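My entries follow the display.

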Amino acid sequence: MAKSHEKKFNWDICGHERIASFLQSAIVSNKLSHAYLFVGPAGVGKYALSKQFIKSIFCLRFDEPLPCGECSNCQQLEREMHPDVYLIQRLIDEDTGKWKKDIIIDQIRELKLKLQQTTLLSGYKAALIPEAQLINEHAYNSLLKILEEPTAKTIIILLTDDFRKIPATIVSRCQTINFLPVASGVLENYLLRFEVEAEKIKLVSRLAHGLPGRAINLLRDEESLAQLQLNLKFFSEIVRVSSSRRLNYLEEIINWEKDETQNAAKIGRLLDDWQAALRDLLLLTQGDEYHIANAEYLKVFSELKEKFDWRRILQVASLLQTARELLQQNINTKFVLENLIINL
Ligand SMILES: [Zn+2]
């Protein structure tokens, strides 16, 4: 068996080398924290990296680069069926058939009981909570107790794209790791594994703004790529229409669904895409054409540049942020969007 310090790793991730090597050395030196908080935008790779991290802790093949992907632990983890690894997600509401809006205290209490039981395999136990910002207040109090009195050989990993929603008491008990968007060159290299024409890979790796999860989604789902391009077009057009005509224009563009959850998802996506458009505009005001995500829009954005100095860009960015917050508070989506576009 290789000595522990010689242990090699084999993590299938896109970017985040420094984070990976930090966590790998914690495994090798046996200095794992009881709790980690991974912070970063949706699609940046927090979940993918957590999976590699957990697999490497549980993998049974010490003589192979970790994780081996073949031992029973790796296989069970791949199927998200390992008996000592708990994935805590929102539950489905039995009455409505939809996701509940938050993670509730019963789930955390149940987790506490499971963590206290001795494991059959006498190894580690781990809990992974991908949307930690959705843990409700009571549940947080219960989680805090778990973090305050950690059981041995237990690792809790919280993931969030909204750090502000995580209570300071929780943050102070976790090792916080920030995930930044991946460089577009790194992303492009990673995407070469998909058998798609080179042009499309180039386009997608820029449009995804350093978010591998987003890039993969755009590659696999033609519709979401088309929607993104439509959203960018929509942005470039709406800011040129006079404020009084914008509401009519909105009605032509958006197909409102009957289901508000669908509307919220659609408008959330649109806000993300518009934020990406703003980033491109900001690059243009700095004379940087090279990093523009969507070359097709270079011309359109170059024209918009005249209307958008950096002050205006920051102003619009803050409007987008407000809209996002209103959406999270379940304010009517149509109202949120109307309110946004008349102020653009
Ligand atoms: Zn393994």
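**Domain contact and metal site**

I counted contacts first: five residues of domain 1 touch six residues of domain 2, with contact meaning heavy atoms within 4.5 Å. The model is predicted, so to speak of local features I need pLDDT of at least 70, and side-chain atom pairs count only at pLDDT 80 or more, while totals for chains, interfaces and linings use all residues. Residues are numbered from 1 along each chain as its sequence is written, and side-chain values use heavy atoms, without hydrogens and water.

I looked up the bounds: domain 1 is 4–178 and domain 2 is 221–343, as given by an automatic or database domain assignment. Their C-alpha centres lie 34 Å apart.

I then took the buried area (accessible area, 1.4 Å probe, that two parts lose on being put together, summed over both). Between the two domains this is about 270 Å², and carbon and sulfur atoms give 20% of that. Lys 98, Arg 164 and Lys 165 supply 82% of the area that domain 1 buries against domain 2, more than any other three residues.

I found two salt bridges between the domains, a salt bridge being a side-chain nitrogen of Lys or Arg within 4 Å of a carboxyl oxygen of Asp or Glu. Arg 164 forms a salt bridge with Glu 325, with the closest N and O atoms 3.1 Å apart.

Last, I checked the metal. Which atoms coordinate the zinc ion? They are the SG atoms of Cys 59, Cys 68, Cys 71 and Cys 74, at 2.3 to 2.4 Å; donors are N, O and S atoms within 2.8 Å of the metal (3.2 Å for Na, K and Ca), and water is not among the atoms, so sites may look incomplete. Along the chain the donors follow the spacing C-x8-C-x2-C-x2-C. The arrangement is tetrahedral because the four donor atoms subtend angles of 101 to 117°, where four donors count as tetrahedral if all angles lie between 85 and 135 degrees.

Technical notes:
Four donors count as tetrahedral if all angles lie between 85 and 135 degrees; four count as square planar and six as octahedral if opposite donors are over 155 degrees apart and all others between 65 and 115; anything else is irregular.
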